[in-house]
Amino acid sequence: MSTNSTLKIVPKTGPGRRVSVPDIAGRKGGEPVVSLTAYTAPMAKILDPHCDFLLVGDSLGMVLYGLDSTLGVTLDMAINHGAAVVRGSTKACVIVDMPFGTYQESPEQAYRNCAKVMVETGCAAVKIEGGTEMAATVKFLVERGIPVMGHVGLKPQSVNIAGGYRAHGRNQDEAAKVKKDAHAISDAGAFSIVIEGVVEHLAAEITRDIPIVTIGIGASAECDGQILVTEDAFGMFTDFTPKFVKRFAEVAVEMDKAAADYAKEVKARTFPADEHCYGKK
Ligand code: KIV
């Protein structure tokens with residue numbers, strides 16, 4: 001029995017309980033699954049009421065830490081941000097992305113690190129990238145009590161093999177590979193699979209063909225659910241928006257305006273005003 005004091009006890013049944021892994025698995029062909037990335041407690045709190053699951057994606061390395069790729073994300077980073085998102089949410093299922101190098105070596109290495117992530121964050125499941133080559137590992141994890149979400153198509157952890165971030169499945173060989181990968185991960189027992197950066201008709205075909213819930217990003221509206229990186233979707237970057245991202249807000253523009261207004265008021269000594277000072281009015 002773990003005595004880890006960072007674990008948050010959440011109700012497992014009844015009204016107000018968190019969305020569970022079986023709840024998500026049960027949405028195949030049903031109401032689309034809504035998900036976004038979250039890396040911090042305040043962001044989790046805002047997104048929680050609207051999402052079925054929150055993904056603590058390894059995209060946090062690029063979004064929060066300014067890294068060039070997701071490869072520099074460590075297990076400690078995933079655990080610290082995962083625990084923060086569990087603390088900041090009460091309703092959504094929380095899923096943590098396993099960082100590069102923490103699961104690919106062997107099923108045993110994967111089990112050790114995935115179990116550590118689950119115990120130390122309180123998350124409900126982990127996500128791992130890969131296709132046929134990871135199927136034995138997925139089976140090993142699932143048989144031992146670790147729910148796994150797969151990730152095929154564009155796999156950001158393989159950017160150095162793929163030679164960049166580009167859509168997959170444009171030719172027959174590539175399409176056959178993505179299909180084979182999705183089937184292998186589904187057959188291995190994953191409850192769901194992210195399909196990233198895959199031509200639309202292929203993502204739709206895979207969604208029809210496999211029995212598990214597909215989550216699209218740069219894929220198809222026919223997927224069983226969708227995910228986006230929150231900072232992309234909310235317009236928190238001003239420099240680059242990938243084709244598959246819709247900006248649902250312009251938060252960076254608002255923040256720029258707020259910072260400029262603040263700077264102006266500080267320089268003009270109009271902030272703090274009397275109502276912001278102790279002992280005055
Ligand atoms: O790391 C991440 O944020 C992801 C999603 C974009 C699927 O893997």
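Reader: How many disulfides does the structure hold?

Author: This predicted model holds zero disulfides.

Reader: How do you know that C51 is in no disulfide?

Author: The nearest cysteine sulfur to that of C51 belongs to C93 and is 11 Å away, whereas a disulfide requires a pair of cysteine sulfur atoms within 2.5 Å; C51 is therefore in no disulfide.

Reader: Why is C51 called buried, and what makes C277 partly exposed?

Author: C51 has a relative accessible area of 1%, and since buried means under 20%, C51 is therefore called buried. C277 has a relative accessible area of 26%, which lies between the limits of 20% for buried and 50% for exposed, so C277 is called partly exposed.

Reader: Which order do the strands of the barrel follow, and is the pairing parallel or antiparallel?

Author: Eight strands close into the barrel in the order 1-2-3-4-5-6-7-8, and the pairing is parallel. From one strand to the next, the twist averages 25°.

Reader: How do you know that strand 5 and strand 6 pair?

Author: Two strands pair if there are at least two bridges between them, and five bridges join strand 5 (residues 148–153) to strand 6 (residues 192–196), so these strands count as paired. They run parallel, and one of the bridges is that of G150 with its partner I193 in strand 6.

Reader: What does helix 5 touch when it packs on the sheet?

Author: Helix 5 (residues 107–121) touches strand 3 (93–97) and strand 4 (125–127), and its direction makes about 130° with that of strand 4.

Reader: How is the packing of helix 4 and helix 5 described?

Author: Helix 4 (residues 75–88) and helix 5 pack at an angle of about 35°, with their axes 8 Å apart, and helix 4 passes helix 5 in a right-handed crossing. The contact is made by residues including A78, I79 and G82 of helix 4 and N113, V117 and T121 of helix 5.

Reader: Is T121 buried or exposed, and what does its side chain reach?

Author: T121, which lies in helix 5, has a relative accessible area of 2%; this is under the 20% limit, so T121 is called buried. The side chain of T121 reaches the backbone oxygen of V117 at 2.6 Å, and a polar atom of that side chain lies 2.9 Å from the backbone nitrogen of C123.

Reader: Which residues of helix 9 are buried, and what covers them?

Author: In helix 9 (residues 200–209), L202, A203, A204, I206 and T207 are buried, and what covers the buried residues includes helix 8 (172–187), strand 6 and strand 7 (213–217).

Technical notes
Residues are numbered from 1 along each chain as its sequence is written. This is a predicted model: local features need pLDDT of at least 70, side-chain atom pairs count only at pLDDT 80 or more; totals for chains, interfaces and linings use all residues. Side-chain values use heavy atoms; hydrogens and water are left out. Helices (H or I, at least four residues) and strands (E, at least two) are DSSP runs, numbered from the N terminus. Axes are lines fitted to C-alpha atoms, for helices over the stretch in contact, and angles run from 0 to 180 degrees between N-to-C directions. Contact means heavy atoms within 4.5 Å. Buried means under 20% relative accessible area, exposed over 50%, partly exposed in between (1.4 Å probe, protein chains only). A polar contact is a pair of N or O atoms within 3.5 Å; within protein, one must be able to donate a hydrogen and the other to accept it, and residues adjacent in sequence count only if both atoms are side-chain atoms. A crossing is left-handed if the near helix is turned anticlockwise from the far one by less than a right angle, and right-handed if clockwise.
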